[in-house]
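Here is a short briefing on one protein chain. Look over the sequence and the model, then read on by topic.

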Amino acid sequence: MTAAKLHITTSLAPITVYSPYDGSVLGTIDATDASEISELLARARRGAELSSKLPRHKRASILEGAAQIIESRREAFAETIVREAGKTIVQARKEVLRCVNTLKLSAEEAKRNAGEIVPFDAYVGSEQRQGWFTREPLGIITAITPYNDPLNLVAHKLGPAIAGGNAVLLKPSNLTPFSSINLVDALVEAGLPREIITLVHGDREIVTALVSARDVRMVSFTGGFATGEAISRKAGLKKLAMELGGNAPVVVMNDCDIDKAVEGCVSGAFWAAGQNCIGAQRVLVQADIYERFRDAFVAATKKLKAGDPLREDTDVGPMISKDVAERTEASVNEAIAAGAKLLCGHKRDGSLYQPTVLEGTPVTCRLWHEEVFAPVVMLAPFATLDEAIELANEPEYSLHAGIFTGNLNVALDAANRIEAGGVMINDSSDYRFDAMPFGGSKYGSMGREGVHFAYEEMTQPKVVCINRG
Ligand SMILES: NC(=O)c1ccc[n+]([C@@H]2O[C@H](COP(=O)([O-])OP(=O)(O)OC[C@H]3O[C@@H](n4cnc5c(N)ncnc54)[C@H](O)[C@@H]3O)[C@@H](O)[C@H]2O)c1
């Protein structure tokens with residue numbers, strides 16, 4: 001693979017990108033030196049100027065054009081995701097189609113969300129005023145993205161930012177840079193002036209420079225808690241959007257369609273080898289159906305085929321690296337030593353880690369409280385909905401949750417009481433549609449993605465008020 005050189009190159013050692021599946025070298029990218037920050041910012045300032053002056057129809061046609069380019073080359077885009085992120089080809093194709101939709105939604109947003117009339121006559125006293133507010137660009141946005149969903153999560157930042165007339169300094173994961181390079185190339189091919197997106201690759205130093213620069217108006221970060229926390233400390237007075245980790249609960253009530261719940265939870269737990277921020281991590285099952293559900297769940301999990309992500313019949317690809325798979329293995333060993341019972345999986349071959357199911361994990365275990373981000377799921381029985389909700393709400397942070405039930409009142413009661421950014425009814429926690437508001441509740445969550453919502457975060461209202469008195 002070759003990397004388009006949109007960024008300034010330096011004498012730093014290039015970053016080598018490896019295949020998560022077999023460890024082979026996929027390519028190298030130039031690292032950006034933090035000493036180049038003033039040049040990067042100068043370029044981004046020019047980009048912000050150009051972007052703000054693009055008429056809305058032009059922003060929309062660029063985004064639509066990029067969507068068409070990606071759709072026409074969808075297999076190549078999907079293969080890049082498979083090679084660098086280890087997602088299965090079937091799942092990678094779905095990510096490409098979602099990215100196409102994210103860009104199309106962004107094009108719509110550019111055309112329709114220009115501002116609103118202010119109802120000055122709504123209360124006594126301002127009837128003589130007439131006016132509106134427009135949605136103005138923020139200017140320069142620093143976007144930092146993780147390794148999973150290396151195409152669509154980047155589109156969720158670039159699409160709304162371009163729709164809103166901003167420039168972006170984009171720092172994708174060093175583990176999966178090629179999908180974002182492909183995406184930026186497609187945008188440029190569709191007519192985006194190059195200065196509007198500046199691709200930057202590197203580690204802590206360059207991220208600190210990008211995040212702390214006074215010219216940057218917003219930092220839009222997706223990644224882990226520790227990184228997010230470190231970045232927020234360095235950002236200073238600017239807007240922050242923090243899309244962090246999860247530890248999703250799915251509640252399975254005794255009146256649900258058990259087959260559908262099993263199918264949904266297995267897919268929800270092991271999609272992308274569990275490297276999914278809204279993947280089902282804790283499946284809470286009502287006690288009177290627990291054994292039936294557990295046996296069916298374990299049987300379905302054992303049928304999953306882990307292996308080469310490029311093969312059409314592979315269900316579970318590798319983890320992002322052997323190191324990460326080893327850390328997962330160690331966390332599961334820790335839970336087993338603390339009393340959890342292994343029901344299946346927990347075999348590792350390099351970065352391939354077999355889908356793993358545990359029961360009886362003590363709630364004091366790290367695995368129960370912290371995000372696992374791996375093909376590991378814990379089953380636990382509960383007696384009443386109150387107990388299920390208490391268990392669901394235990395962790396300090398929360399993104400999505402799910403509930404399977406045949407009773408609408410129970411579903412709505414749970415939706416109201418589970419603390420999460422979204423509660424999926426009769427779906428696993430991992431359902432996401434790219435137009436819906438997306439983000440966490442509780443510790444660390446700031447801002448929302450989902451194209452319309454990210455667009456609102458990435459623009460600011462400016463009021464024009466006429467005194468007609
Ligand atoms: N809420 C969401 O929308 C969402 C979506 C996907 C992933 N995630 C989360 O992302 C995490 C997995 O992704 P990851 O492992 O790539 O996350 P990460 O936090 O390790 O990395 C995220 C980004 O920050 C950079 N980075 C990492 N360490 C850094 C440091 N010390 N200083 C500066 N930059 C640094 C990385 O290069 C990458 O670009 C999980 O916690 C997952 O839940 C959240």
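The model is predicted. Strand 1 (residues 15-18) has alternating side chains.

- Strand 1 pairs with strand 2 (residues 25-29) in the antiparallel sense, over four bridges.
- G27 in strand 2 is the bridge partner of V17.
- Six residues lie between the two strands of this hairpin, and G23 takes a positive phi near 75° there.

## Record and overall make-up

- UniProt lists residues 14-464 for "domain: Aldehyde dehydrogenase", in an unreviewed entry.
- Over residues 14-464, the chain is 42% helix and 21% strand.
- The end C-alpha atoms of that range are 49 Å apart.

- Five strands form an open sheet with parallel pairing, in the order 7-6-5-8-9.
- Strand 7 (197-199) and strand 9 (239-243) each have a single partner strand, so one side of each is left without a neighbour in the sheet.
- On average, neighbouring strands of this sheet are turned by 15° against each other, direction ignored.
- Strand 5 (residues 140-144) pairs with strand 6 (residues 167-171) in the parallel sense, over five bridges.
- Within strand 6, A167 stands opposite I140.

## Helices across that sheet

- Helix 6 (residues 178-189) lies across strand 6 and strand 7. Helix 6 runs at about 150° to strand 7.
- Helix 7 (residues 204-212) lies across strand 5, strand 6 and strand 8 (216-222). Its direction is at about 145° to strand 5.

## Helix 8

- Which residues of helix 8 (residues 225-235) are buried? They are F225, G228, I231 and A235.
- Seen down the axis of helix 8, these buried residues fall within an arc of 130°, so they line one face of the helix.
- The face turned away from the buried side carries the exposed residues A226 and R233.
- The buried residues of helix 8 pack against strand 5, helix 7, strand 8, strand 9 and strand 17 (397-398).
- G236 follows helix 8 and has a positive phi, near 70°.

- Strand 3 and strand 4 (residues 129-137) pair in the antiparallel sense over three bridges.
- W132 in strand 4 stands opposite I117.

## Nonpolar cores

- The largest nonpolar core has 54 residues. I70, L103, L158, L170, L183, L187 and I197 touch the most other members.
- Which helix gives the most to this core? Helix 4 (residues 89-112) does, with eight residues.
- I197 touches R43, L158, I162, V168, L170, V184 and L192, not counting residues up to four places away in sequence.
- Another core, of 39 residues, lies apart from the largest one. Among its members are L284, M319, A374 and A388.

Note on methods: Residues are numbered from 1 along each chain as its sequence is written. This is a predicted model: local features need pLDDT of at least 70, side-chain atom pairs count only at pLDDT 80 or more; totals for chains, interfaces and linings use all residues. Side-chain values use heavy atoms; hydrogens and water are left out. Two strands pair if DSSP finds at least two bridges between them. Axes are lines fitted to C-alpha atoms, for helices over the stretch in contact, and angles run from 0 to 180 degrees between N-to-C directions. Contact means heavy atoms within 4.5 Å. UniProt positions are given in the numbering used here, feature names are shortened, and annotations may be inferred rather than shown by experiment. Buried means under 20% relative accessible area, exposed over 50%, partly exposed in between (1.4 Å probe, protein chains only). The arc is that of the directions from the helix axis to the C-beta atoms. A nonpolar core is a set of buried Ala, Val, Leu, Ile, Met, Phe, Trp, Tyr and Cys residues joined through side-chain atoms within 4.5 Å.
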